[in-house]
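Subject: Structure handover

Hello,

Here is the structure we spoke about. Please open it first; my notes follow below.

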There are 2 protein chains.
Amino acid sequence: MRSHYCGQLNETLVDQTVTLCGWVHRRRDHGGVIFLDLRDRDGIAQVVVDPDTAEAFANADRARSEFVLRIEGRVRLRPEGTQNPNMPTGMIEVLAKQVEVLNAAATPPFQLDEHGKVGEEVRLKHRYIDLRRPEMIEKLRLRSRISHSVRAFLEGEGFLDIETPVLTRATPEGARDYLVPSRTHAGSFFALPQSPQLFKQLLMVAGFDRYYQIAKCFRDEDLRADRQPEFTQIDIEASFVEEADIMGITESMIRSLFKDVLDVELGDFPRMTWHDAMQRFGSDKPDLRIPLELVDVDDLMKDVDFKVFSGPANADDGRVAALKVSGGASLSRKEIDEYTKFVGIYGARGLAWIKVNERARGIEGLQSPIVKFMEDVIETLLDRVDAKDGDIVFFGADKARIVNEALGALRVKLGEDLNLYTCEWSPLWVVDFPMFEADDNGRLSPLHHPFTSPSCSPDELKSNPAEALSRAYDMVLNGTELGGGSIRIHDQAMQKVVFEILGIAEDEAREKFGFLLDALQYGAPPHGGLAFGLDRLVMLMTGARTIREVIAFPKTQSAACLMTDAPGEVSADQLKDLNIRLRQKAKVEDSE
Amino acid sequence: MRSHYCGQLNETLVDQTVTLCGWVHRRRDHGGVIFLDLRDRDGIAQVVVDPDTAEAFANADRARSEFVLRIEGRVRLRPEGTQNPNMPTGMIEVLAKQVEVLNAAATPPFQLDEHGKVGEEVRLKHRYIDLRRPEMIEKLRLRSRISHSVRAFLEGEGFLDIETPVLTRATPEGARDYLVPSRTHAGSFFALPQSPQLFKQLLMVAGFDRYYQIAKCFRDEDLRADRQPEFTQIDIEASFVEEADIMGITESMIRSLFKDVLDVELGDFPRMTWHDAMQRFGSDKPDLRIPLELVDVDDLMKDVDFKVFSGPANADDGRVAALKVSGGASLSRKEIDEYTKFVGIYGARGLAWIKVNERARGIEGLQSPIVKFMEDVIETLLDRVDAKDGDIVFFGADKARIVNEALGALRVKLGEDLNLYTCEWSPLWVVDFPMFEADDNGRLSPLHHPFTSPSCSPDELKSNPAEALSRAYDMVLNGTELGGGSIRIHDQAMQKVVFEILGIAEDEAREKFGFLLDALQYGAPPHGGLAFGLDRLVMLMTGARTIREVIAFPKTQSAACLMTDAPGEVSADQLKDLNIRLRQKAKVEDSE
């Protein structure tokens, strides 16, 4: 029906006849002539309809915003002075010979140019209109290119694309499962997979050697801003590999992806231990674009006459850390109060600070509510953080966990607020994670999942589980965890030790993962892998602010689709078929 | 860990040291030496372990079937007389220097070579072992190549890969939905999509122009041999297109796929109307590899003194058709009895036949229970079907629907039994489908789905819906429907007429498809598409006999996974969270 996409038109086509199909983006009447901006997925072209072409003019005249038109016309240069160099097609226009109305359009609930004027609810309800915005089309087009680039890379490396079931059994991630009642097995339920973890391990046991899948995963969690009940994972697993193999190949994949899609060279990714990341950045996914670091000052604070600092400095699980911000002395009292509130979100009970106005003047040159308690150590402290005139030093003092979370988050916020970024992209690997984390009662749970291999022997693991490191690795980009993975346990004896330490009884393990334990005994190869969150990767690469911008038909934070009105009520017969009944009727007021 | 896959070894590597990783496929001790067939996904290599390499020998000595080994050794030519030209690696062997046991294996529940000796249940329960069979790996490898080839083609044609939701609302296919109770919206349910039909149409309304997705779809139906509760669709939709555009591009896609993956040239696909397909082959998906055709003989049978024939020949909805099989006179009475039973499955009350022994002798030269009733017309009849000595002619006489189904199926069965195939691959397009089909009460239902565009105007459709043709098209290969699609309705008024004819009230249409009707009024472009069943395509291309051979982790006919034991019971707390309770407890005896 068309000869060109609107966005393809340019000066080389002058004097040629073209046929375009698209939507009326804007319409202007000027000097008896109708100007139509015709939009398709590739761009916008200006169409001029002259009253001389009577039928075309009549059709153009009844065209309104979002009408669907087919236009045949001749490309010509725009007259001097009306050219628009900011627009790819801005040098030319199409003089229409024929205008055909393919479909009319009712007045849309919002104009694309004015989408900011309506709430997100209106846009989600009419998602098919909101998606017409060129920036939305562009984000999903990029998403498609990203998937394709990843696939091309992995195919080239001999990975096989293998589909794993969506109707399956509860998986081990530990989040809440979405359940699907079985009709043929009354009283039983499928679970939607939280990841293909177990299946990909079984594929390794089966000998597929290199597997990948871009797979839908499901978690029925209370949603945060960047979560969706269904999300997409680039899932990778390989056999006869060690950490370096998986990290090497997936790093190449991401490098090749950035080069391919964004023309960005990421270079080699640095590696950092989990311990270093926590000490220096208070986070296991540090944003290394921000040149701020946490500095330990426990040793200096052990004897100061300030309990808030000396307490944590002397406690086993405590930490006192400093965070220097160059030029930060210009922060106002009000701004500092805001940051104090901000770290409160992470459990910090305050935010001590020292402004360095003039170091040469000693204590006199500092401004701070706390400096009076630490006169003896102040010079050592300022030297250690390399504080210069005009800087500010913030402090965290509490349980290490709280200090890390609070200063880690403050560091990122300062980076944003003060625009401290030193580069656009900063990837890294975080390695040497602890095998387990302890809750307040000392109960251990896996930091990743219970199939992650430790980097020690079963005996060493048993004797000191809390100190054991795992063979896990996370890829981090700009403070976001792009993906995580590990070498898995392929040895039944090791798997049993891990279940023991986690307090998972043998029959519970059998009930939940019996088929995996069986598989491990029938010749499981050493194997490992990694899974990337595709949605987050696309968010980063497209600069999207919410995950909803990179998913064609997203759900709201209450896990509903405003467009299709899902979830919805179902008939009593359907429920009967599934052998279930409701405890209470749907609350109609909820869905309104 | 390895330098080569086992299957990669050949004479060019002689005298090189290689490292292999894999499974012990077979082990033989011969003349004090251990021979191991080591298997990985690429093939099998013979490894020789000599007692001279003591440590290697000791490890090889404890290796049993399916142990996982890493072997380092030197490639050498096999001694004269022990070469195996039937095996890709049959000219060489590896003399082991080191044998490392990476993992032991318990005695597997069945030997790969002897998988036929155990039932499918055992193999499904230990799927990770059954998948080790080279032919299983090969089928899934081919499946991966097929997906990749399709994606590469569609990307090249500018189709965007866009994901549509899995947690959604009931879709219009009319099969039973899988439901997912919502926790956050008590009493409401998501449905798993039977296809992305509505979403892909909305993507066209949104202006994405060309969309594709390889998408999981779900139907909670009682399973036939070639169905699975979750299956995979290659889903395609484009805007500003007509039938020829979609058919052209998808035909190119399949041609390119066969060339790419099987090195087969399919050539141009013939087109056949639905009416011709039913008349000539009794099927809307005729297998054109079989050179048998149904021939109408109603006109000859109107006045014969044989009610079984004259009745249907004179009835409006009746049909009498002949099916000639060249050389079929040699069929035994027993074989004919079997075929008579066979057509009974399709409702035929008998199977009349005439054997042509010697046409020159007239009636005397024929052998048949019915020929006596049709002496007047017999010559015309035999001429019409071009019967020669040695042929058999079968007859169907009943309601047209029954004749078509019975003789259509008989035709395919004869093709198989007598191996009548004239070629390996026979694709075609079936077009000009009726818009609706009538049930016995004359109630119309859509032959495809209610968004299929008719090929006439709304007024013409209204005045004679039963005769209206649709703009649908099916791609058929070797008697299997590979895919089907249509130009959709993009006009709200037309959509309303179709709903009217189907007896779908306006509020019901709104309740079910309101968002699509809304979308149609805000500027919907002309659009259409097609969906291929990937599983069936892979079955055909790999020569698989069941769909379970081309799915890594399939379900049984009762929609259960024997490996993971899904579906399973869930806790009372989980059900409470979801606001549901069971009508009756799970029947434990069922799951045993």
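Is K576(B) buried or exposed? K576(B) is exposed, because its relative accessible area is 54% (buried means under 20%, exposed over 50%, partly exposed in between, with a 1.4 Å probe and protein chains only).

Some ground rules. This is a predicted model, in which local features need pLDDT of at least 70 and side-chain atom pairs count only at pLDDT 80 or more, while totals for chains, interfaces and linings use all residues. Residues are numbered from 1 along each chain as its sequence is written, chains are lettered from A and ligands numbered from 1 in the order in which they are written, and side-chain values use heavy atoms, without hydrogens and water.

**Surface charge**

K576(B) sits in helix α17 of chain B, residues 572–577 (helices are DSSP runs of H or I with at least four residues, strands are runs of E with at least two, both numbered from the N terminus).

**Cysteines**

The search of the whole structure gives 0 disulfides over all chains (the cut-off is two cysteine sulfur atoms within 2.5 Å). For C217(A), the nearest cysteine sulfur belongs to C561(B), 17 Å away. C217(A) is buried, because its relative accessible area is 0%. C561(A) is in no disulfide either; its nearest cysteine sulfur is that of C217(B), at 17 Å. C561(A) is buried, with a relative accessible area of 7%.

**Backbone**

Most residues other than glycine have a negative phi, and most peptide bonds are trans. These are worth a look.

- A566(A) and P567(A) are joined by a cis peptide bond, omega about 0 degrees. P567(A) is in the loop between α16 (534–542) and α17 (572–577) of chain A.
- A566(B) and P567(B) are also joined by a cis peptide bond, with omega about 0 degrees. P567(B) is in the loop between α16 (534–542) and α17 of chain B.
- N579(A), not a glycine, has a positive phi of about 65 degrees. N579(A) lies between α17 and β23 (580–582) of chain A, in the loop, and is buried at 5% relative accessibility.
- D432(B), not a glycine, has a positive phi of about 55 degrees. D432(B) is in the loop between β17 (427–431) and β18 (436–438) of chain B, and is partly exposed at 34% relative accessibility.

Best wishes
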